Amino acid sequence: MTTKPPPPDDYPNEAPYVIAALFLMFAFIVAWPWTSKLIDRLKGPPQTEYLGVVQSINFVGGFGMTTQIQTDTHTFLVNGAWSLPRGTRLQRRETITAHVVCIIDTDVCDRLLSRLTSAPDPNLRPPS
């Protein structure tokens, strides 16, 4: 009784190549926001929106320190504690990973958490 030898392995084991390709695709997708920030051509034109002039600021508190800023046209929440004088002009800038609120003509920015209203309630008056 002779047994046939096993057929030659015509197809190499491709599993390591498939795993490596999937890992590289995943790493590229995860690293894209940071990679595109480094390459000016990928940024595209900056997206900005005028938010108005600061009317009042309220500290919401909590462990994350959130600040509610009311301007003449918008009311919104920002991350962190902000102390701005009345009359400071603000704008929203759209980055690749988030929307930020910035003081116009500066690089002082912080992350926009939410926009509460598009226009302030006329019945709400800042504390005097």
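**The strands**

Strands β4 and β5 pair in the antiparallel sense, with 5 bridges between them. Please note that the model on display is predicted. To see one of these bridges, select E94 and then H99 in β5, which is its bridge partner.

Next, select β4, residues 89-94, together with β1. These strands run antiparallel and are joined by 6 bridges. Within this pairing, G52 stands opposite L90 in β4.

Select F59 to find the residue opposite T67 in β2.

From β2, continue to β3. The two strands form a hairpin, with 3 residues between them. Their pairing is antiparallel, over 5 bridges, and Q68 stands opposite L77 in β3.

**The nonpolar core**

Now select L51, V54, I69, F76, V78, W82, L84, L90, V101, I103 and L112 and display their side chains. These 11 residues make up the largest nonpolar core. At least two residues of this core come from each of β1 (47-61), β3 (75-79) and β5 (99-103). In soluble globular proteins, nonpolar side chains tend to be buried together.

Within this group, centre the view on L84. Which residues does L84 contact, leaving aside its neighbours within four places in sequence? They are V54, I57, I69, L90 and I103.

**The disulfide**

For the last stop, select C102 and C109. A disulfide joins these two residues, with an S to S distance of 2.0 Å. The count for the model comes to 1 disulfide. The angle about the S-S bond is 110°, and the link of C102 and C109 is right-handed.

Finally, colour the two cysteines by accessibility. Is C102 buried or exposed? C102 counts as buried because its relative accessibility is 0%, and the limit for a buried residue is under 20%. C109 has a relative accessible area of 32% and is therefore partly exposed, since this class lies between 20% and 50%. The disulfide thus joins C102 to C109, with C102 buried and C109 partly exposed.

Conventions: Residues numbered from 1 in each chain as written. Predicted model: local features only at pLDDT ≥ 70, side-chain atom pairs only at ≥ 80, totals over all residues. Heavy atoms only, no water. Disulfide = S-S within 2.5 Å. Buried < 20%, exposed > 50% of the residue type's maximum accessible area, 1.4 Å probe, protein only. Core = buried A, V, L, I, M, F, W, Y, C linked by side-chain atoms within 4.5 Å. Helix = DSSP H or I, 4+ residues; strand = E, 2+ residues; numbered from the N terminus. Contact = heavy atoms within 4.5 Å. Pairing = 2+ DSSP bridges.
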